[in-house]
Amino acid sequence: MNNNGIKVLGVGHFVPELIATNDDFAKIVETNDEWITQRTGIKTRHITNGEPTYYLGAMAAEKAIENAGIGKDEIDLIIAATVTPDFFTPSTACLIERELGINGKPAFDINAACTGFAYAVDMAKNYLYGNPEINNVLVVATEELSKFVDYTDRASCILFGDGAGAFVITRAETPYASFLGSDAESADKVVSRALKSENVFRKNTEDYNMNMPETKKHYFVQDGREVYKFATKTLPFAVKNACDKAGISPEDLNAIVPHQANVRIIETAAKNLGLSMDKFVVYIDRYGNTSSASIPVAFVDAVNDGRIKRGDKVCIVGFGGGLTYGAVVFEY
Ligand code: UT7
């Protein structure tokens, strides 16, 4: 274990003002506050009132840069994690760069669904050690799940919210380890469709069998129970492996910030790791599942609440579409 670690110079998050409560959902689908609270832990989620995905990301980034105490021009690279971009091109990262009023930096998006932020932090770390010209990386996760929610499907629509979180990261001689992976055989378990090829030269009218479920337009579908099983298995697996690589035990962590999909997944994972729920940062009641944004949004609330302090050993851990999983252990 070497000490090629990171320092999080600054953090920030941003959520739209508009809030949808469980009672609001009870007015549009057959559900109720009790079911949603007991089965998921969710009470409210923030939903966009028209602000685009990149805008949420730029607002979070603005706060993270201010919190870092550096100038916007000192950002050397922008990585945005998102599954709900506003455009296929330009990337969300380029739009965030423009919104921040800076120019000329390398900027690109990554898609690892709900694990996107953990992947992006690890990618930032690799850039920091692979390219001496890059000193400060802006990592943003920004999502508007409300874009691909089918608001007639009660099993999924109640889960999701919109939001963004951002870190500014630099090099530091601190412990660091990551453990990333995927289970691509389960690619069909969390799905939102992009475009079909309908070019003018096409002669074949039959759709290629992609071995994926049918979807209504681009609307999200998931096999909730299978993903639940996957999540309760891979969350502790990823935390344990990242800790092993860091040469520490999960008990040595001051805080674990998991992807916020369902509080029951986190409770089961805590039990499997033999840890108390006190170690886990959970704000799902406020925001619902905001995919890749859920980890940095919860992280920032934990910092603001004094739950995560400077010098703490923390683990961020995600799981989701792909299916992907990943944990990163670092010192805050
Ligand atoms: O971030 C992306 C990764 N995704 C996840 O991590 C999701 C993981 N999965 C889950 O969190 C859970 O599977 C869900 C929250 C999606 C569903 O909870 P569940 O306890 O697995 O419920 P279920 O799908 O087994 O459904 C139980 C019952 C069903 O009724 P019957 O068939 O038992 O009569 C559903 O029709 O609950 C019913 N139901 C609802 N009832 C009231 C499903 N959705 C609702 C609802 N309100 N919103």
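Tyr208 counts as exposed in this predicted model, because its relative accessibility of 71% is over the 50% cut-off. Look for Tyr208 in the loop that runs between strand E9 (190-191) and strand E10 (221-222). Together with Met210 and Met212, Tyr208 makes a nonpolar surface patch of about 370 Å².

Now let us turn to Gly10, which sits in strand E1 (residues 5-14). Is Gly10 buried or exposed? Gly10 is buried, because its relative accessible area of 0% falls under the 20% cut-off. Leaving aside residues up to four places away in sequence, Gly10 touches Ala64, Asn67 and Ala68, and also Ala166, Phe167 and Val168.

| Residue | Relative accessible area | Class |
|---|---|---|
| Tyr208 | 71% | exposed |
| Gly10 | 0% | buried |

A further stop is the pairing of strand E4 (residues 77-81) with strand E5 (residues 107-110), which is parallel and has four bridges. Which residue of E5 is the bridge partner of Ile79? That partner is Phe108.

Note on methods:
Residues are numbered from 1 along each chain as its sequence is written. This is a predicted model: local features need pLDDT of at least 70, side-chain atom pairs count only at pLDDT 80 or more; totals for chains, interfaces and linings use all residues. Side-chain values use heavy atoms; hydrogens and water are left out. Helices (H or I, at least four residues) and strands (E, at least two) are DSSP runs, numbered from the N terminus. Buried means under 20% relative accessible area, exposed over 50%, partly exposed in between (1.4 Å probe, protein chains only). Contact means heavy atoms within 4.5 Å. Two strands pair if DSSP finds at least two bridges between them. Patches are made of residues with over 30% relative accessible area and no salt bridge: like charges are joined within 9 Å, nonpolar side chains (Val, Leu, Ile, Met, Phe, Trp, Tyr) within 5 Å. Accessible areas come from the Shrake-Rupley method with a 1.4 Å probe; for residues, only the protein chains shown count as cover. A salt bridge is a side-chain nitrogen of Lys or Arg within 4 Å of a carboxyl oxygen of Asp or Glu.
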